[in-house]
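Please open the model in the viewer and keep the selection panel at hand.

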Amino acid sequence: MPDPRQVELSLPHSAPHAQSFADVAATLGTSPDIGLSTEVATQRLVEHGPNALPSQPRRTLAQRLWPQFANALIVFLLAGASMAAVLGHWVDAGVIALVVLVNAIVGVLQEGKAESAMEALRDMLSPHARVVRDGTQQVIDVAQLVPGDLVLLEAGDRVPADLRLVSARSLRIEEAVLTGESVASEKSSEPVAKEVPLGDRASMAFSGTLVAAGQARGIVTATGTRTEIGKISEMLGAIAPLTTPLLKQINRFGRQLTVAALAVAALLFIFAVSVRGLEWIDAMMIVVALAVGFVPEGLPAVITITLAIGVQRMAARQAIVRQLPAVETLGATSVICSDKTGTLTRNEMTCRHLITATGEATASGAGYAPTGHVRLADGRPPGDDMHQLARIGLLCNDAELTEDEQNWLVTGDPMEGALLALAYKAGLNAQAECDSHPRKDLVPFDAAHRYMATLHSTPEGVSLIAVKGAPEAVLAMCTHALGADGHQRVPLDRAAWHERIEAVAAEGERVLGFAFVRLPEPRTHIETADLYGLVFAGIIGFIDPPRPEAIEAVADCRSAGIRVKMITGDHAATAAAIAKQLGLAETPIVVTGADVSATTEKALPDLAMRADVFARTSPEHKLRVVQALQSQGAVVAMTGDGVNDAPSLKQADVGIAMGHKGTEAAKEASQVVLADDNFASIVAAVNEGRTVYDNVRKVVAWTLPTNGGEVLAVAAALMLGITLPMSPAQILWINMALTITLGLVLAFEPPEEGVMRRPPRQPHAPLMSPFMLWRLVLVSLLFTAATFAVMAWGRWRGLEIEATRTLVVNTFCALEVGYLFSVRYLHGSSFTLRGLRGTPAVLYAVLGVVVLQLAFTYTPWMQVLFDSRSVSLPDLLIAIGMGVLLMAVLEIEKTVLRRLDWFDELRAPG
């Protein structure tokens, strides 16, 4: 053995799982019996540092707050607030400032949540560890563990560091947080191949995983950031937060709008002063009023409200949104990378196939509920051989089934719970069978021999030994097979059984073998010799079945143009079988983690787009796959529950964690948490996300043309040298009154028909689509034409200018109401009963507009504030008629454009 004080600890960079524990101990300068000395352990602690994940320094409040204002639209809003304040319009200025402040606070809070992901990882480390130092057992703080320490494990312990196992007795470790595999992994001290994936490294125990059963000793091979969980922590810290598609569009849109508004304002001011000869102060008042009218200062507030309403709707569909922009990003999702276990499947093992020497049967039902039946291929009930097979599974069993208000739950091994449910399905009285076959002795499952055996007395006064385990191991203990009558012995055809076992495994099912022997005399314990010369009863195939709603949800995704890819730590055959049942593809293309490792960065995007299933993947594989998909322009939603999923959840455009079985690290790295761990809830959330984005676009499509109509009407009058149709104060009144009424209602719109039959939108598409630009121009021109028509009507009627302007303001409000009803449906006609009836929000908003306009027109104090006048009912009917006429013109325009097929977004989905 080398001097332990001089040894070079290079093991974390090699493959300890492929070396014998003696070689590992020699390399690390330790003993598999007495461990390290206290002196050496102290020295190594200085060299390697504590066994802990590093804490990231938190940014100060000022460091978080400042970036929230580094946004073109926010700067533009602040400029609008300043202009409103200059005019003395304090309500407008206050609302804008409040919106900016709320947005900044929300951003600061969300950044604080994101930083908690690293803390959640650190919390997974056990606080103490049992070690052997100087030949004696000690309990030390987990941070003091060093490479070479000899650690003791038992059931219930959390593994404190990465360990190379020296000895393992019936050891099973739950590694789902790292591998995603639902069944606890069997461990042994025997080395495995160097190239095997993380989930198959049976000679290792990894930091943060949980010992489900058994005892073990292990040598520490890696601590802190060099452990597998430490590597995940480093990956998390290296991932930069992504900007959502909507935020990118709003930033780009804000910059463009800022330039346009400043240019128009400057030109109008110069024209008014130099050409029309207005006093600069009067020209400034008009231009500032127009600029405030053109600035959609209510737009961020309405977008925020729209997203918040989407959050509430998603919560009702079991999707809890932690970060507001994720609502909209879900609507842009083009690829969903989903974990298998518990998300696409029930996470409940179910016995599916029963095979004996004389036949094959199928068990119906799913999960642990003892409902269903066992039937042969021709539909007949099972014979005595099937009953005996189910009886062995019932007796050689340590699990318990219990029922709560909603589900059947298993206490113990999931596969044993499935065997209990199978006994009921096969027609056995489980309690009566156990009472009539009391257990006398037990040989517990051990990875070394890979079987479990129980001894029972029988009503006939003889003894029965029941055995279950790995089919190859059980088959090797047998000399005969069970006949059709449940008692007769028939010759054992080993080759045929191996073919059957491989066929069931190829279908993605986990296979257990079952055997028994009757001993002629009563016995109280099992002898080693009793376990040879057994009768092979048959095999049972287990599967974690797909959720029925997940199958339907996958079909919905395919119709919506969304690719669903399964990324799992499970075996390739199992994943492929589930993928086929789910309908991911007719013949799913399966890629393993080893394939991902062997693929270059240049070739990986093509492989990632083609593959349907990624099996036996590590955290690095998942992260690379998500990044490869994003490099192809895909908007990726990623689901996961374990620590191994945290880096890819953070990298994805939308990370979706499981609420029930998800780790805190996964939840903190995600933007969305599923309350029911159900894939169908993801699809429902995508539906809601698409609706939210539709409503955001409808808000923009309504806001800009109506604001543009105001600006164009006044600017045209200014350039033509005619009387302005509205005063600056009246422009601000329209802007304020309509913002707090009509500007909000589109946030409450229900989804249009066929929202999930459209392909995903392009994430780089501009917020102002070609159709919306067309509408901006057309509606602004129509508003201007209506304004001049009403002005002409007022002159023809002999109305004074104040009354004419009052009529123009009422006309503008009617036009905006008419346009609101038209813009509610982009993919269909608004001239339907549903369209004309509106939603409660629309009706309340219209009522609010009516009340405000009546006050504006007829109350004396409003007439003083805004220089308005009372107008006659026939004149008001002219204003209302303008709104109805506008809606009719725009509905005709939509129909014509749809037939001409000019704009993609007007096409019917499907």
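Select glutamate 688 to begin: with a relative accessible area of 5%, this residue is buried (buried means under 20% relative accessible area, exposed over 50% and partly exposed in between, with a 1.4 Å probe and protein chains only). This is a predicted model, in which local features need pLDDT of at least 70 and side-chain atom pairs count only at pLDDT 80 or more, while totals for chains, interfaces and linings use all residues. Residues are numbered from 1 along each chain as its sequence is written, and side-chain values use heavy atoms, with hydrogens and water left out.

Because glutamate 688 lies in helix α24 (residues 679–720) and arginine 313 in helix α10 (residues 299–316), the pair ties together parts that are 375 residues apart in sequence. Helices (H or I, at least four residues) and strands (E, at least two) are DSSP runs, numbered from the N terminus. Arginine 313 is partly exposed, at 24%.

Next, select aspartate 200 and arginine 616, whose side chains meet in a salt bridge of 2.2 Å, N to O. Aspartate 200 is in the loop between β5 (185–186) and β6 (204–205) and arginine 616 in the loop between β24 and α21 (619–631), so this pair links parts 416 residues apart in sequence. Aspartate 200 is partly exposed at 28% relative accessibility, whereas arginine 616 is buried at 8%.

Move to strand β22 (residues 563–567). Why is this strand largely enclosed by the rest of the structure? Four of its five residues are buried. Strand β9 (residues 335–338) pairs with β22 in the parallel sense over four bridges (two strands pair if DSSP finds at least two bridges between them). Here isoleucine 336 stands opposite valine 564. Strand β24 (residues 613–615) also pairs with β22 in the parallel sense, over two bridges; phenylalanine 614 is the bridge partner of isoleucine 567.

Finally, select Lys340, Arg510, Asp544, Asp570 and Thr574. Of the eleven residues that line the second largest cavity, these lie nearest its centre (a cavity is a set of points, on a 1 Å grid over the protein atoms alone, where a 1.4 Å probe fits but cannot get out; lining residues have an atom within 4 Å of a point). The elements giving two or more residues to this lining are β21 (534–543) and α18 (572–582).

Technical notes:
On a 1 Å grid over the protein atoms alone, a cavity is a set of points where a 1.4 Å probe fits but cannot get out, and a pocket is an open set with protein on both sides within 12 Å along at least five of seven lines; lining residues have an atom within 4 Å of a point. A salt bridge is a side-chain nitrogen of Lys or Arg within 4 Å of a carboxyl oxygen of Asp or Glu.
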